[in-house]
Amino acid sequence: MKSIHQVDMKSKNTSPVLADPAPLTKSRLGISSNLMPCLPSMNSVTPSLPDSLFFPSNQKKPKPSKLEDVRASGWLDAMKSSSPTYRDPNKDANHAKVQGGLDTAYHSWTLMCPSALESFENIVMSARGKRIALFLDYDGTLSPIVDDPDCAFMSDMMRSVVSDVAKYFPTAIISGRCRDKVYRFVGLAELYYAGSHGMDIMGPKLAENCVTPADEQAKDVSFQPAKEFLPMIDKVFESLTECMKGIDGVKVENNKFCVSVHYRCANEESWDIIGQQVCDILQHYPQLRLCHGRKVLEIRPTIKWDKGKALEFLLDSLGLANCSDVLPIYIGDDRTDEDAFKVLRDKGDGYGILVSAVPKETRACYSLRDPSEVMGFLQRLIEWKKSCDVNNSCS
Ligand SMILES: [Mg+2]
């Protein structure tokens, strides 16, 4: 098991990904990749972290400071492409035609990224003789995407299923939310939690009378690679909260190691001023970078740490890395989850499963439409494992 000091922080994989995977539209199909670089900010004081933790300076781009610059530099485009507005077929005069087109496009996409439910037998076939380890995103994966991020509650049924699945497989939640908040949403002490895109990792909260070696190992799983950024993040949160006060529909959230500016409920006419305000503040913090999510701008430390790194850290900490008898499965819906999908794809071991009801560019191997299908997939894993244990047929 690696300790915090043994973790390889010098990977050349900078993959700072940033936008939610945009749907595959006609215009996007000609683009080889929609991965967008994180834009580090300029001028200011820096915490004393090793250089190897930071993105190379040649990735820096100047920040726009005026609305025209915001538009010209593509910030507004990035916000729009990260936040696709889907047409509601029920409100469309050509409902059947639109729905038919969507179904055809989705069906074509699943030829490349098949349904994990329909491919379930193939997945468990490759899990025979192996230990499955589960990694789950929260928003949009276990809970529905809702207008108010404070109301993204998971259902009791989902909680029960996640609790059950954790009895059979080591299970971790890896979320962009701050760890405390996602823990409050999930409410299961037996899981591992990686909050703030993996920058705040903690093992299960164990009862004091837990004394088994496995429990001791879980207690050791904690990691905060961006701890020195906390005062800076708090300052940026205060500044953003202040300057967004006058813009309707914007919510600024302090996720401990990153700040999220949600504009899901803001009029699209306000998006450019929101982008401008954010980049104006970021100009004073060169050690922070901006990332685009689904109707959210996220300000994070410019360290080489993401959900993929968190996945590697957890596998390592749990003694599951580089084991031929381990099958990691990562389920997530957002661009930030692509880093974890890439880790699994590069290892050639384990499966990434993208949660999406529309075709998207992805490095995942399989797909599920929505959280209800995620729940169905987890239930089938539980049933499969129970059946294996009864028949002694998993190995
Ligand atoms: Mg998500």
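The following questions and answers go through a predicted model of a protein chain.

Trainee: How are residues numbered, and at which pLDDT do local features count?
Mentor: Residues are numbered from 1 along each chain as its sequence is written. The model is predicted: totals for chains, interfaces and linings use all residues, side-chain atom pairs count only at pLDDT 80 or more, and local features need pLDDT of at least 70.

Trainee: How many helices and strands does the protein chain have?
Mentor: Helices (H or I, at least four residues) and strands (E, at least two) are DSSP runs, numbered from the N terminus. On that basis the protein chain has 13 helices and 13 strands.

Trainee: What share of the residues of the protein chain counts as buried?
Mentor: A residue is buried if 20 or more other C-beta atoms lie within 10 Å of its own, exposed if 12 or fewer, and partly exposed in between, with C-beta atoms placed from the backbone. Of the 395 residues, the buried share is 44%.

Trainee: Which are the edge strands of the open sheet of 8 strands?
Mentor: Two strands pair if DSSP finds at least two bridges between them. The sheet has mixed pairing and the order 6-5-4-3-2-11-12-13. Each edge strand pairs on one side only, and these are strand 6 (222–223) and strand 13 (366–368).

Trainee: Which residue stands opposite methionine 202 in strand 6?
Mentor: Strand 5 (residues 200–202) and strand 6 run antiparallel and are joined by 2 bridges. Opposite methionine 202 stands serine 222.

Trainee: Why are the buried residues of helix 7 on the same side?
Mentor: In helix 7 (residues 179–186), the buried residues are Arg179, Lys181, Val182, Phe185 and Val186. They are on the same side of helix 7 because they cover an arc, taken from the directions from the helix axis to the C-beta atoms, of only 165°.

Trainee: What covers the buried residues of helix 7?
Mentor: Two residues are in contact if their C-beta atoms, placed from the backbone, lie within 7 Å. The cover includes helix 6, strand 3 (171–174), strand 4 (192–195) and strand 5.

Trainee: At what angle do helix 6 and helix 13 pack?
Mentor: Axes are lines fitted to C-alpha atoms, for helices over the stretch in contact, and angles run from 0 to 180 degrees between N-to-C directions. The axes of helix 6 (residues 156–168) and helix 13 (residues 371–391) are 9 Å apart. Residues that meet include Met157 and Val161 in helix 6, and Met375 and Leu378 in helix 13. The packing angle is about 35°.

Trainee: In which direction do the side chains of strand 8 point?
Mentor: In a regular strand the side chains alternate between the two faces of the sheet. In strand 8 (residues 259–262), all four are buried: Val259 and Val261 point one way, and the other way point Ser260 and His262.

Trainee: Which residue in strand 10 is the bridge partner of histidine 262?
Mentor: Strand 8 pairs with strand 7 (residues 251–254) in the antiparallel sense over 4 bridges. Strand 8 also pairs antiparallel with strand 10 (residues 296–301), over 4 bridges. The partner of histidine 262 is valine 296.

Trainee: Why does leucine 297 count as buried?
Mentor: Leucine 297 is found in strand 10. Leaving aside its neighbours within four places in sequence, leucine 297 is in contact with Val261, Val278, Leu290 and His292. Leucine 297 counts as buried because the number of other C-beta atoms within 10 Å is 29.
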